[in-house]
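Subject: Handing over the structure

Hello,

Here is the structure I promised to pass on to you. Have a look at it, and then read my notes below.

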Amino acid sequence: MEQTVPRQQPAQDAPPHVDVVVVGAGLSGVGAAYRLQTERPGTTYAVLESREDLGGTWDLFRYPGVRSDSDMYTLGYSFKPWRDGKSLADGPSILAYIRETAQEHGIDRHIQFSSKVVGADFDTARSRWTLTVEDPRTGARRTMTCGFLYSCAGYYDYEHPHDPAFPGVEDFAGTVVHPQFWPEDLDHAGKRVVVIGSGATAVTLVPSMLRGDDAAAHVTMLQRTPTWISAVPGRDRKAEKIKAVLPADLAHHVIRAKNIAFSTAFYQFCQRRPAQARKLLTGLSTKILGDAQLVADHFTPSYDPWDQRLCAVPNADLFRVVKDGRAEVVTDRIARFVPEGIALESGRVLEADVVVTATGLKLLAFGGIEPQVDGRAVELSEQFVWNGAMMTGVPNFAVCIGYTNASWTLRADLTHRLVCKVLRWMERTGHQAVVPQPEGDLAPRPLLDLAAGYVQRSIGAFPRQGDKAPWQVRQNYVLDSVRTLRTDLARTLAPVQPPAPAQQAAEPMEVGA
């Protein structure tokens, strides 16, 4: 009788592995990829992007007039000069700039689109992350591994904006839209529009919806409380003069330094002399609008300048449409929606055909990634952030947190370079995994020290900053640029000791010098 020999089953293919995974292909993610390529040649990496195109914020937001509220000489990359004449650039121009950067440096070849990280577990025994990656279009999932995980997805929830429930909204006979999901076919030409909100999105939308062939008949900005708004030139004339006399690359660095110095000095002025800052901003607004009472009623907040982010309006466009009567600012509270518009607590009814709820974003830590270590969830609110980048309790993990008082990219690029420094140090010392470890106790403080409602609503779920360096998340690029990359890694980063095999499932990781 012929003997049957069982056929040996082929081993399953191991999931793909890279040295570093960058989460997010927006302005930060592309910048991180550039630094990995140039400062860590030979490092294998992948950029995972949940959307179907790169650009992040600048691909998602499509509302009229979407633009930066930081100058592009500092919001742009230090390694790629901003050539456009507009200092505060429109969204499509910024998106084109990011795409061009990715293509020029071959970064686009490393981007995996429709790839949302829905699970991340660090195995201390193997010193690597296992990521669960989902295709949002189909729900299909796959796994991959990496040695280091770097979240460049920001801290906003791009799928679910802050959308308060307004009583009676179902009775409204017109159209309600949210800027985060702007419909391409929205027709606002010749219509009455009410924009609810007073932040950067609202002050951008109001003048933008009054331009062009599809201009609205009238736009009202309805705010519960005023926001500090400052008129700035649409073009940087000093920058243009510098570019006219210096070589392009040198001019870029000079302009960048000039703008960093100005923004840092103005922020410090507002923080140290708030009364004088209030007087300066209200004086400038009054000079443009020509109505001190209008400024007092609608453009003078109760909080001091830069306690919340300052809104910039290029060429005073918001003030100009208010002054010529095409737009109005109303400071009041909503009682309810009615068929013809919005009824206010004062008794007034704002008639509207279109209502735009520019009510802001919600915070979401690390793009929704909930890191685990050896299968155990990490309680983010109990962790501290080191140098605005890495986090206690989570090995081989970094996050990109930009400035709130200056261009996001300034801090982002420092963090990219710090991550590269950590990777070099790990290679040199032979450490497979490291985690930040404080020397002594830290007094916890909120990660983002802003009074804005969108911060206060969600910041409790985020890790915290400490009360001393390198555990403070400073809002000072000049200081950070001097100190961040000089951090003594050996003092504040501890190698992770893998658990013994018998204890691996029961014991948490241990760190030690």
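**Around proline 64**

Leaving aside residues up to four places away in sequence, proline 64 touches Trp182, Thr204, Leu205, Ser208 and Met209, where contact means heavy atoms within 4.5 Å. Proline 64 sits in the loop between α2 (57-60) and α3 (72-75). The helix and strand names come from DSSP runs, numbered from the N terminus: helices are H or I with at least four residues, and strands are E with at least two. With a relative accessible area of 18%, proline 64 is buried; buried stands for under 20% relative accessible area, exposed for over 50%, and partly exposed for anything in between (1.4 Å probe, protein chains only). Between the C-alpha atoms of proline 64 and serine 381 there are 37 Å, and 317 residues along the chain.

Before you go further, please note that this is a predicted model: local features need pLDDT of at least 70, side-chain atom pairs count only at pLDDT 80 or more, and totals for chains, interfaces and linings use all residues. Residues are numbered from 1 along each chain as its sequence is written, and side-chain values use heavy atoms, with hydrogens and water left out.

Helix α1 (residues 27-39) packs against helix α11 (residues 408-429) at an angle of about 35 degrees, and their axes are 9 Å apart. Here the axes are lines fitted to C-alpha atoms over the stretch in contact, and angles run from 0 to 180 degrees between N-to-C directions. On the α1 side the contact includes Leu27, Gly31, Arg35 and Glu39, and on the α11 side Trp408, Asp413, His416 and Arg417 are among the residues involved. The residues of this contact divide into seven nonpolar, four polar and five charged.

**Salt bridges**

How many salt bridges does a search of the whole structure find? The search gives 29, taking a salt bridge as a side-chain nitrogen of Lys or Arg within 4 Å of a carboxyl oxygen of Asp or Glu.

- Arginine 62 pairs with aspartate 59, their closest N and O atoms being 2.8 Å apart; aspartate 59 is buried, at 5% relative accessible area.
- Lysine 86 pairs with aspartate 90, with 2.3 Å between the closest N and O atoms. Lysine 86 is partly exposed at 29% relative accessibility, and aspartate 90 is partly exposed at 22%.
- Arginine 336 pairs with aspartate 171, the closest N and O atoms being 3.2 Å apart. Arginine 336 lies in strand β13 (residues 334-338) and aspartate 171 in the loop between β6 (141-151) and β7 (175-177), so this pair ties together parts that are 165 residues apart in sequence.

Salt bridges that share partners also join Arg35, Glu39, Asp413, Arg417 and Arg424 into one network.

**Cysteines**

The disulfide count is zero, a disulfide being a pair of cysteine sulfur atoms within 2.5 Å. The sulfur of cysteine 152 is too far for a bond, because the closest cysteine sulfur, in cysteine 400, is 4.7 Å away. Cysteine 152 is buried, at 7% relative accessibility. Cysteine 311 is in no disulfide either, the nearest cysteine sulfur being that of cysteine 270, 13 Å away. At 5% relative accessibility, cysteine 311 is buried.

Best wishes

Key: Nonpolar A, V, L, I, M, F, W, Y, C, P; charged D, E, K, R; others polar.
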